Amino acid sequence: MHLKLHQSHIKKESHITVSGSKSESNRLLLLQALYPKINISNLSDSDDSHVMQKGLSGHFDVVDIHHAGTAMRFLTAYFAMQAQKEVVLTGSERMKERPIKILVDALKNLGADITYMENDGCPPLKILGKELVKDKVTLNAHVSSQYISALLLVAPKLKNGLELTLKGEITSVPYIKMTLSLLEQIGVDTTFKDNIITVTPKPSLDKTIDSIVESDWSSASYFYSIVAMSSMGTKITLSSYKENSLQGDSELASIYQQFGVQTSFKKNTITLEKISEVTLEKDIELNLVNCPDIAQTITVTCLGLGLSCYLSGLHTLRIKETDRLQALKTEIKKLGGHINITDNSLKLHASNKLIRNIEINTYNDHRMAMAFAPLALKTDILIKNAYVVTKSYKAFWDDLKTLGFKISQ
Ligand SMILES: O=C(O)C1=C[C@@H](OP(=O)(O)O)[C@@H](O)[C@H](O)C1
Ligand SMILES: C=C(OP(=O)(O)O)C(=O)O
């Protein structure tokens, strides 16, 4: 369904409760399947977490994880070590193009039995679960951190634990650290020094562990963009967040200062407030290798504010839900923006006029829909297949209506 967003002003003050982080949720769901004494609260209600739960339920021989990258990668490692269980792991047409060879090779080196059912290097996979007894493996760390997290999550259940050696520049490091922190929280010993990660075995938990998922910072990014494009004094309070987050996207709090947005942490909330107009002497320059999921949000914020930006560290965007660099370029050009892309960066040139009533294609990518929505503060815009947002943020359009956005079909 397409949604028409009519140019809107939002309320001066609003409060939104955002669902749990899908990254934390999908890690904890896998850990809970391995260690049933884990209780999880504030679990993400995203499609990606639902397919993860369904996959882990053990009720299906063919598991379809649709568009969920984390579910695909994490479940590959999980099923590879479930002795005597055979599972076919598949996904959407796009998932069948998203590479998984680095992870499959690493698991095979540990002794796993995995075969490609269509194209080499991509899902669907046929996985015949086995006990994995080897404990050392080397893999390329530049393509996706999800391969590394997948191995780390199952590592404490391997007989001898695991030692991972990472080759090349490590991408999306905060996601690896999040995985290690969650392992530490349940009492697993880990080390991460230079390019070597170790995980010691932990056959079971002695006591029940209650884990509370922090709300999703990537989802919060759209509110940062909205406040940045709103009038002075506009405030949005979001719950439940904390200052010492495991999520790399919490970098938003410092990044958006340059767009005049101040973040205050109070109890379990953050309040975003527009406190100054943006007066920049030079272009915004950011390396987003640690937080790739907020690249689209930041680019559209700059477009809406008529600012130039140069964003680097974006090589992983090419293999996400869509080729996000290409998608950004196509849609921004339709709006009248000037943008150049390379394989790992983008340059947006400042322009002051947005073309009205443009139809934004979303390419089955939730973040294309959500990143462009804040432009409704500047112009009328139509978001095609708007319900792609449910991949990570079910209530997105309702929450925008709560803020005061005028939305119709
Ligand atoms: O581990 C995770 O939860 C994620 C890791 C990142 O992927 P890459 O490591 O492939 O960049 C990120 O883009 C994705 O949304 C979630
Ligand atoms: C890239 C993303 O997800 P995944 O890789 O898990 O599909 C995302 O949510 O932006």
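Is lysine 108 buried, partly exposed or exposed, and how many C-beta neighbours does it have inside 10 Å? The points below take up this residue and then its surroundings.

1. Lysine 108 counts as partly exposed because it has 15 C-beta neighbours inside 10 Å; a residue is buried if 20 or more other C-beta atoms, placed from the backbone, lie within 10 Å of its own, exposed if 12 or fewer, and partly exposed in between. Lysine 108 lies in helix H4 (residues 101-109), where helices (H or I, at least four residues) and strands (E, at least two) are DSSP runs numbered from the N terminus. The C-alpha atom of lysine 108 is separated by 25 Å from that of serine 23, a residue 85 places away along the chain.

2. This is a predicted model, in which local features need pLDDT of at least 70 and side-chain atom pairs count only at pLDDT 80 or more, while totals for chains, interfaces and linings use all residues. Residues are numbered from 1 along each chain as its sequence is written, and chains are lettered from A and ligands numbered from 1 in the order in which they are written.

3. Threonine 76, in helix H3 (residues 69-80), is buried, with 26 other C-beta atoms within 10 Å. Once neighbours within four places in sequence are set aside, its contacts (C-beta atoms, placed from the backbone, within 7 Å) are Leu89, Ile100, Leu103, Val104, Leu107, Leu125, Ile127 and Ala150.

4. The domain assignment, which is automatic or from a database, gives domain 1 (3-19 + 214-408) and domain 2 (22-212). Their C-alpha centres lie 29 Å apart, and the contact takes 21 residues from domain 1 and 21 residues from domain 2. The side of domain 1 that touches domain 2 has five nonpolar, eleven polar and five charged residues; here Ala, Val, Leu, Ile, Met, Phe, Trp, Tyr, Cys and Pro count as nonpolar, Asp, Glu, Lys and Arg as charged, and the others, Gly among them, as polar.

5. Around ligand 2 the residues include His67, Thr70, Asp293, Lys320, Glu321 and Arg367. Its shell has one nonpolar, four polar and four charged residues, and draws at least three residues from each of domain 1 (3-19 + 214-408) and domain 2 (22-212).

6. Four strands form an open sheet of mixed pairing in the order S2-S13-S15-S14, with two strands taken to pair if DSSP finds at least two bridges between them. The edge strands, each pairing on one side only, are S2 (13-17) and S14 (261-266). Strand S13 (residues 235-239) and strand S15 (residues 269-274) pair in the antiparallel sense over five bridges, and leucine 272 of S15 is the bridge partner of isoleucine 236.

Technical notes
A residue is near a molecule or strand if its C-beta atom, placed from the backbone, lies within 6 Å of it. Two residues are in contact if their C-beta atoms, placed from the backbone, lie within 7 Å.
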